[in-house]
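Hi,

Here is the structure I promised to pass on to you. Have a look at it first, and then read my notes below.

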Amino acid sequence: MANLVYKRVSTDQQSSARRNLVLDEAGIEDPVVFEEDPGTSSRLHPLQRPKFRELLTYARPGDTVHISEMFRLVRGTGHILDVLDVLHRDRLALCIHDGAFSAMDLTARHPRTGELLSTVKFMVQTLAAAGELQRDLQRELTYDGLRAAEAKGSKGGRRPALAGEAVADVRTAYLEGRSIAALAREHSVSRGAVRTAVADLLPEHVAADESAPAPELPVTVDMPGKVADFLRAAELDDAERASLDHGQAVRRGTGYTLRVTAVPAIHRQLLDRCQALDAAGAIPAQRKARREYENRVSTLAPPGP
């Protein structure tokens, strides 16, 4: 019987030293290690992560999956229950070596029905909800801190390469006919920094024409939580990411719905982004969630000509 060790860190700046120490102290015999690329997000469903899928393909009935702590593998109740179902199907044991879940046998099933014991499911849901609450509180405190800093005149994000008098000099020189490339060399900044400083002076920046069509108005659409989890781990543009970040989570039993307010075009773009959830081999629950979102988006006004 093989011992399969799964490792993951959330960002490429994080160190795995503490987690490696926990696993080393466990004395696992002949471990076969599967480690995700640095920065693999916890928002990505475990069953869609490359190395965990590789682990499941490699595993044979009777093998044991080892992790340092539960949240290295899963995020939220839905992820935990999905993974436990797959481990039960493939007859794999799960050993957690640190954290709140380390003292529990999460694979315990009823001897006659084969279903996850109700006490195990209750503890999983309770501890997962506590972990999710902790992350939500951290996010809220971060948001409040940023708002407080902004109220004092501080702005988040990267400082502009050009500021103060330099911006005024660049704008004056641009109006006098200096090129963006020349100004970038003169001030030792990128051309993008110069374009940002003179954005409203560029030829393509024109006032809105009265004959232009009226802009789309934002609408609110309930996005299933499984779709939201997938999209948060995907590559999105700034407008799409902002729409998700400002969404309001509404609890639905053990899951949730994200109430997203955006123009219809953004909803259609987000729907396109999650097409992978409806592909062959996709997780049935995610496929169903994506189709629910598609049905809701399809009721929005069609794009203009």
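Predicted model: local features only at pLDDT ≥ 70, side-chain atom pairs only at ≥ 80, totals over all residues.

Let me start with helix α5, residues 165-175. Val170, Ala173 and Tyr174 are buried there, and they cover an arc of only 100 degrees around the axis, which puts them on the same side of α5. What do the buried residues of α5 pack against? Their partners are α6 (180-187) and α7 (191-197). Over on the other side of α5, Glu165 and Leu175 are exposed. After α5 comes Gly177, with a positive phi near 110 degrees.

Next, the aromatic rings. Searching the whole structure turns up two aromatic pairs. One of them is Tyr6 with Phe52, an edge-to-face pair with 5.3 Å centre to centre and 75 degrees between the planes. Tyr6 sits in strand β1 (residues 3-7) and Phe52 in helix α2 (residues 50-58), so this pair ties together parts that are 46 residues apart in sequence. Tyr6 is buried, at a relative accessible area of 1%, and Phe52 is buried with a value of 1% as well.

Finally, helices α9 (residues 238-245) and α10 (residues 264-273) pack with their axes 10 Å apart, at an angle of about 95 degrees; they are therefore roughly perpendicular to each other. From α9, Ala239, Glu240 and Ser243 meet Ile266, Gln269, Leu270 and Arg273 of α10. By type, the residues of this contact are three nonpolar, two polar and two charged.

Best wishes

Key. Residues numbered from 1 in each chain as written. Heavy atoms only, no water. Axes fitted to C-alpha atoms, helices over the stretch in contact; angles between N-to-C directions. Helix = DSSP H or I, 4+ residues; strand = E, 2+ residues; numbered from the N terminus. Parallel < 35°, antiparallel > 145°, perpendicular 65-115°, else oblique. Contact = heavy atoms within 4.5 Å. Nonpolar A, V, L, I, M, F, W, Y, C, P; charged D, E, K, R; others polar. Phe/Tyr/Trp six-rings, centres within 6.5 Å; stacked < 30°, edge-to-face > 60°. Buried < 20%, exposed > 50% of the residue type's maximum accessible area, 1.4 Å probe, protein only. Arc of directions from axis to C-beta.
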